[in-house]
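Good morning, and thank you for coming.

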Amino acid sequence: MKLGRGIIQIIIANIINLTISVGNGFLLPKFLSVESYAALKTFLLYTSYIGVLHFGYVDGIYMKYGGREISAINIEEFTNEKRILAFFQLGITLPLVLVAFFIGDAILFAAAISILPINMIVFYNFVYQATGEFKEYRRITNLSSVLIFVSNLFFLFIIKTDLSIWYIGIQVMISFAVWFYYEGRNRIDGIHNKISLKEMRFCLQENIHLGIIIMLGNFMSIWITSIDRWFVKIFFSVAEFAYYSFAVTMLRLINVVVTAFSVTLYNFFCRKPPDEEIILLRRCVLVAGAAIIAAIFPLDFFICTYLEKYKFALPVIKALFMAQFVLIEVNAVYLNLYKALNLQKKYLTQMIIVTITAFLTNGLIGYVWNDITAYAVATLFTAFVWLILCQRNLKKYRMAYTEWGYLLLTITVYFLSNYMNLWIGMSVYAGWVITAAFLFFKKDVKRLAEQWRRGIKKSAEMEKE
């Protein structure tokens, strides 16, 4: 599948997912009590770490199949890899379920039960990403979101319950339902061979060895982007944790673009494209990131008008949006380059440095400025450190001075615009993004326009034939 079509598939998936997520993101905080909403967000914070528990096995599969066609995969080998992962995760799940049961932590218990289905869904997800099967990726992404949204509507407006355990239970049951659906969809008849312990051990060792460094890096990435929530959860009230979690939820508005690029570019980079194409894509990602964070202006209006009790989260949202703008280059371009170029050790070393930076920055800024907004600012600072480290480790793919100029000036205009009248600020910022793209990347804009013109001409000629 061509890169452009892949990106469009992911954007379609994420727009559907975004619409549903925004529905959940606004409905739940509006109709649930602050305490119930905080409990649900605690569960989701716990489950964000479940990917660590396959110890890199799924990342090994991702690396193994990166750049391949789905038709080139050995079906018997794939089936065995899937079965081995299921047994492995069941062995991880049982002791953690028992621990949660004996300490009487219902939220931890629910998270422990979710380990097996979530990591099996991730397995399918990664295979579809690695092989460029973005239509299947779109389907699996949207299925969970649709089911969760419909179930939330049912419990909010039909059952009319505020008990967080129901909304947590929905998440658990749907993860099992989606897993079973994909097991049935990918069932291969005729493969019933038994797997010996020796074969299981070899498969586990092979894939974990291949993927553990990437997994550790991904875990640190999750830790870096969630450490702020842990500080808020530990040192602030339940209500303030709910406000901060709401702010993090609003990042889904801009993750449409981030995910579209980050998911598709790994498969593309594995095919070793020319450096000029990578540079062009990097600049496209930068401009797309600048454009999408303009969502802060209508979001500001919506929260102040319809969700007034969460208006205290606005300064946090504004800072986190900007952090995400900086991180789009990291997540979409540089982390995929590390993986595609097999630079796992450099990747891990960098992630250790960024993790330590995130912890120290959150601790220091939080101590000096005793407000939840401090942790969003710390995340923004960490994002800059992360991007700078990528320039040092991948010197061949360093950002040009024009890109740095665009990045820094966009940040300045963004914050200045947010101090203006809402609609004036939005007009100023949107005007800057469009004008600056032509000023800083004139040659790239012309090149893209020419490619677009040729594509339209070619399509017209094919239709005539």
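Which residues have the most contacts inside the largest nonpolar core? They are Phe246, Ile317 and Phe321, and this core has 140 residues. Helix α14 (residues 314-340) gives the most to the core, with 20 residues. A nonpolar core here is a set of buried Ala, Val, Leu, Ile, Met, Phe, Trp, Tyr and Cys residues joined through side-chain atoms within 4.5 Å. Buried means under 20% relative accessible area, exposed means over 50%, and partly exposed lies in between, with a 1.4 Å probe and protein chains only.

Two remarks on the source are needed. This is a predicted model, in which local features need pLDDT of at least 70 and side-chain atom pairs count only at pLDDT 80 or more, while totals for chains, interfaces and linings use all residues. Residues are numbered from 1 along each chain as its sequence is written, and side-chain values use heavy atoms, with hydrogens and water left out.

Let us turn to the whole chain. The chain has 19 helices and zero strands; helices (H or I, at least four residues) and strands (E, at least two) are DSSP runs, numbered from the N terminus. Of its 465 residues, 54% count as buried.

Some individual elements follow. Helix α3 (residues 57-65) is largely enclosed by the rest of the structure, because nine of its nine residues are buried. Among them are Tyr57, Asp59 and Lys64.

Leaving aside neighbours within four places in sequence, serine 226 is in contact (heavy atoms within 4.5 Å) with Leu45 and Tyr49.

We come now to the surface. Phe31, Phe154, Phe157, Ile158 and Ile159 form a nonpolar patch there, with about 480 Å² of accessible area together. Helix α7 (residues 134-159) supplies the largest share of the patch, four residues. Isoleucine 158 lies in helix α7 and counts as exposed, at 58% relative accessibility.

Another exposed residue is leucine 439, with a relative accessible area of 62%. Leucine 439 belongs to helix α18 (residues 422-440). Leucine 439 and tyrosine 406 are 33 residues apart in sequence, and their C-alpha atoms are 9.4 Å apart in space.

Note on methods
Patch = residues over 30% accessible without salt bridge, like charges linked within 9 Å, V, L, I, M, F, W, Y side chains within 5 Å. Areas by Shrake-Rupley, 256 points an atom, 1.4 Å probe, with all protein chains shown as cover. Salt bridge = Lys/Arg side-chain N within 4 Å of Asp/Glu carboxyl O.
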